[in-house]
Amino acid sequence: MRINPNPLPDLLSALSKTEQQINSDLQQTASGQSVNVPSDNPANAAMLVRNAGQTAEADQFLRSISSITGEMQTADSALNSVVSVLQRAISLGVEGGNSTVNAGDRAALASEVQGIQSQLISLANLSYQGNFVFAGTATQTAPYLLDSTSASGVQYVGNSGVNQVTVGDHLTVAANLPGSQLFSAPGSDVFQAVQDLITSLQSGSNIDTAISEVSSAYQHINTQRVFYGNVINQLNTQQTFLNSDTTQLAQQQNTLGGADLSKVLSDLVNAQTARQATLEAVGQTQQTNLFNYIK
Amino acid sequence: MGQSAGTFIDQRTQLIDQLSSLVDVSVIPSDNTLTLTTSSGTALVAGQQSFQLSTQPDTSGSQHIFAEGRDITSTIVSGQLGGELQARDQQIPSIQAQLDTLAAGLANAVNAVQTSGYDLNGNSSTKNNLFTPPPASTTGAAASLSVAITDPALIAASSDGSAGSNGNAEAMYGLSNQAIISGQSPTTFYSGIVFNIGNAVANTSAAQNASSLVLQQLNDQRSSISGVSLDEEAANMMRYQQAYAASAEVISSINTMMEAVINMKTS
C-alpha cells in the first residue's frame, strides 16, 4: 500500500496539540486553578459561581455580626450602669424613708437622686458610632430630652422601631431595643419612677411608693437586659458557624476549581517529552531519499 | 504552442479547496467545465460565468451576504463563514438575551423595593429608582444597566422613614434568594449562563478536535495517492534514464550497422 509520502502536516498538528497541552498545564500551574475559563469544566464553573455567591454572603453575614455585636456590647454595658445607678437610687430612697432623717437631709438625698436622673438621661442617650442606640430606628437624634412640662421630667422623641438583621440563611436577629420599651415602658417607666422619688424625697411623703416604683423599673431593666445577652450569645454562635462555613466553602472551591498540581506537573513533563520526541521526528523525516544514492 | 491543461486544473482544484474551507460548496463537473454552487444551491460559477457575492449591513449593523440581490446569509450553514455567522447570529445573541433577562430582572426587582422605601433624609423614594429602568423588551438591558442615582443618601434603606431603619435594605438583600429572574434566583440564573457558555465552548472544541482528525485522515488518504514521493520519482528517473541509455545504445548500434552497410557499398 502506498503511504502518504509527506508526513509533515500530521507532525505539525501533533506539535500544535502538545503545545496546547503545555500551555494549558502552564496556565494551571501559574494560576493554581484547573477551571480558568468556563469551558475547562462547565459544571464546576457554574458551581464555582454559586460558591462565590455563598462565600460573599457569608462574609457579609460576618461583617453584619461584628458591626452589631459592637453596638450590642456597648448597649449591654450601658444597661449594666443603669442597673447599678437604679440600685443606688433605691438605697438613697430607703435612706430618705428612715424616720430619723430630717427635711434637710432629704433635700440633700433628693439632689443626689437628681444627679442620678441626669446620669440616666445621659445613659439613655448613648450613641455608638454616631447612632443613638436606644432611639428605635430614629437614630440620628438623641431620644431623651429634658422636659419640665412632662410628668416624668423627660420626653421620648425616638420611635418604637426595631431593626431585623439577617446574619445567616433564614436567620435574623433583632438588633436594638427602643427606649419606649426599655426606659419608658408603661408601668415600669424609669424616668417617672426617679422623678417620683425626687418629688417624694422633697416632700417627705409617699417615699415607700416611690421606692417600689424604682424597684419595679429596676426589675424591668434587668429583665430587658437579658435580650442583649441572648442576642450576643446567638451572634457568637453564628459567628463560629460562619467561620467554619467559610472554611468549608473555601475547601469546596478548591475541590471544584483548584489545580491538582502533582498531576498537572506530571502532565506537563509528559507533554514536553512528547513535544521533544515529535520535534526530533520532524528533524528526522526524509533526510535521505533515493536521490542521495544516484551518482 | 498550447500549454497543458493540467496546471490549470491543479490551480482550479486548489482554489476550490480554499473556497470550500470558507463555505460548503458543491462541484458539478461537466465535459470540460464545472458548475460550482453553495450547498444550498446558490450558483457561484457556471461554465464560463462567475457570480459575485456582495455584503450589505442590516439595521443593526451586521453584514448580510447577498447573491444576485437575494439575502443568502441564513443558507450558509457550514465552513468558516457558516461558523462565524452562526456564532454572530445565533449563539452570541442568545447569550446576550440571557444577560439582558438577568440585568432587567435584577434592575426591576431592586427598583421595586427601592421605590417602596425611604432614603436617608426620610423622603419617600417613589420616584428615585436605583437603576435606570431597563427597556420593556429587555433588549440591551445588560449593556445599558446603570445606577440612576449619584447620591448614596438616596438609597432607600429605610422602611419607616427614619434614618436608622434597615427594613428596606433587608428587603433588597432578600431579593438574592427570591425567584426574580425567570423563576430562578439571580445567582442560580447567572450560574446557568456560565454553564451554557462553558458547555457550548467545550462542545465546540470537542467537535473541532474531531473534525480536524477527520480532515487529517482525509488529507493523509489523498496524499497517499497524489503525494509526491522522492524515492518513487528517483526510481522513475533512473528507469527513464536507463531506457534513454538503452534507446541510445539501440540507435548507436543501428548507426554502426548502417555505417557498415554504407561502407560495404563504397568499398
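Begin where the two chains meet. This is a predicted model, and its contact takes 35 residues from chain B and 33 residues from chain A. On chain B, select helix H4 (167-174), H5 and helix H6 (230-266): each supplies at least two residues of the side that touches chain A. Which of the elements of chain B gives the most to that side? H5(B) does, with 19 residues.

The crossing of H2(A) past H5(B) is right-handed.

To see the residues that make this contact, show side chains on both helices. From H2(A), pick A:Pro42, A:Ala43, A:Ala45, A:Ala46, A:Val49, A:Arg50 and A:Gly53. From H5(B), the residues include B:Thr187, B:Tyr190, B:Gly192, B:Phe195, B:Gly198 and B:Ala202.

**Stop three: the nonpolar cores**

Now select A:Val113, A:Phe134, A:Val194, A:Leu197 and A:Val214, which touch the most other members of the largest nonpolar core, a set of 50 residues. Elements of chain A that each supply at least two residues of this core include helix H2 (42-97), helix H3 (103-124), helix H5 (190-203) and helix H6 (207-257), along with strand S4 (154-156) and strand S5 (164-168). H2(A) provides the largest share, 11 residues.

Centre on A:Val194. Leaving aside residues up to four places away in sequence, A:Val194 touches A:Ala89, A:Val113, A:Ile116, A:Gln117, A:Leu120 and A:Val214. Another core, of 11 residues, lies apart from the largest one; select B:Ala104, B:Ala107, B:Phe189 and B:Tyr190, which are among its members.

**Stop four: chain B as a whole**

Chain B has 6 helices and 7 strands, and from the N terminus the order is α-β-β-β-β-β-β-β-α-α-α-α-α. The radius of gyration of chain B is 37 Å, well over the 18 Å given by the globule rule for 267 residues, so the chain is more spread out than a compact globule. The C-alpha trace of chain B spans about 145 × 40 × 30 Å along its principal axes.

Finally, colour chain B by burial: 15% of its 267 residues are buried. Of the contacts in chain B between residues at least 6 apart in sequence, 45% join residues at least 24 apart.

Terms used:
Residues are numbered from 1 along each chain as its sequence is written. Chains are lettered from A and ligands numbered from 1 in the order in which they are written. This is a predicted model: local features need pLDDT of at least 70, side-chain atom pairs count only at pLDDT 80 or more; totals for chains, interfaces and linings use all residues. Helices (H or I, at least four residues) and strands (E, at least two) are DSSP runs, numbered from the N terminus. The radius of gyration is taken over C-alpha atoms; the globule rule is 2.2 Å times the number of residues to the power 0.38. A residue is buried if 20 or more other C-beta atoms lie within 10 Å of its own, exposed if 12 or fewer, and partly exposed in between; C-beta atoms are placed from the backbone. Two residues are in contact if their C-beta atoms, placed from the backbone, lie within 7 Å. A nonpolar core is a set of buried Ala, Val, Leu, Ile, Met, Phe, Trp, Tyr and Cys residues joined through C-beta atoms within 7 Å. A crossing is left-handed if the near helix is turned anticlockwise from the far one by less than a right angle, and right-handed if clockwise.
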